[in-house]
Amino acid sequence: MRGLNRVYYLRLEIKDLEEEIKAIPDVSGMNYSGMPHSTGVSDPTFNLVQKREKLIAKLNRKKDRLIDELERVEDILETIKDDEIRTMARMRFIKNMKWEDIGEVVHLDRTVCSKKV
């Protein structure tokens, strides 16, 4: 079961990236004709657009990696013969459920679930 928690951490990274992207205003489609232009070297609007685009590209790479990781985890879980254990493992490693919640679904204590998996 080693390495199956990668899905959990990838989802956390994706969530963080999505929040970062939301915090940057989307100024890429705005019309700036007639606006005064900066004579300095730095253009704050361009910098925002560039940063946002880099984060979006990074987010898309993470999402692609998540899909690959989910397929890998599914392949591993399919090798588990016991239906009960496979179901609990899928809840934990695919759906990112807490052991307490898994225990409620399968009517077992959380510690029993984690030990079985």
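**Loops, helices and core**

Analyst: Let's start in a loop: Asn 96 sits between helix 3 and helix 4. Helices here are DSSP runs of H or I with at least four residues, strands are runs of E with at least two, and both are numbered from the N terminus. This is a predicted model, where local features need pLDDT of at least 70 and side-chain atom pairs count only at pLDDT 80 or more, while totals for chains, interfaces and linings use all residues. Residues are numbered from 1 along each chain as its sequence is written, and side-chain values use heavy atoms, with hydrogens and water left out.

User: Which loop is His 107 in, and what about its phi?

Analyst: His 107 is in the loop between helix 4 and helix 5 (110–116). Its phi is near 60°, a positive value in a residue other than glycine. His 107 counts as exposed, at 70% relative accessibility.

User: Let's zoom out. How many helices and strands does the protein chain have?

Analyst: Five helices and zero strands. From the N terminus the order is α-α-α-α-α. The protein chain has 117 residues, and 27% of them count as buried.

User: How do helix 1 and helix 2 pack?

Analyst: Their axes are 9 Å apart, at an angle of about 160°. That makes helix 1 roughly antiparallel to helix 2. Axes are lines fitted to C-alpha atoms, for helices over the stretch in contact, and angles run from 0 to 180 degrees between N-to-C directions. Under 35 degrees counts as roughly parallel, over 145 as roughly antiparallel, 65 to 115 as roughly perpendicular and the rest as oblique.

User: What is the handedness of that crossing of helix 1 and helix 2?

Analyst: Left-handed. That term applies if the near helix is turned anticlockwise from the far one by less than a right angle, and right-handed applies if clockwise.

User: Which residues does Arg 52 touch?

Analyst: Arg 52 lies in helix 2. Leaving aside neighbours within four places in sequence, Arg 52 is in contact (heavy atoms within 4.5 Å) with Ile 21, Ile 24, Pro 25 and Asp 26.

User: Is Arg 52 buried or exposed?

Analyst: Buried, at 18% relative accessibility. Lys 22 in helix 1 counts as exposed, at 73%. The C-alpha atoms of Lys 22 and Arg 52 are separated by 9.1 Å, and the two residues are 30 apart along the chain.

User: And Lys 62, buried or exposed?

Analyst: Lys 62 is buried, with a relative accessible area of 14%. Lys 62 lies in helix 2 (residues 44–77). Apart from neighbours within four places in sequence, Lys 62 contacts Leu 10, Glu 13, Ile 14 and Leu 17.

User: Now the core. Which residues have the most contacts inside the largest nonpolar core?

Analyst: Val 73 and Ile 102, in a core of 25 residues. Helix 1 (6–23), helix 2, helix 3 (83–93) and helix 4 (99–106) each give two or more residues to this core, and helix 2 gives the most, with six. A nonpolar core is a set of buried Ala, Val, Leu, Ile, Met, Phe, Trp, Tyr and Cys residues joined through side-chain atoms within 4.5 Å.

User: What does Val 73 touch?

Analyst: Not counting residues up to four places away in sequence, Val 73 touches Leu 4, Val 7, Phe 93 and Ile 94. Val 73 also belongs to the meeting of helix 2 and helix 3, where Val 73, Glu 74 and Leu 77 meet Arg 86, Ala 89, Arg 90 and Phe 93.

User: How do the axes of helix 2 and helix 3 cross?

Analyst: At roughly 165°, and they come within 10 Å. Helix 2 and helix 3 are therefore roughly antiparallel to each other, and their crossing is right-handed.

Methods. Buried < 20%, exposed > 50% of the residue type's maximum accessible area, 1.4 Å probe, protein only.
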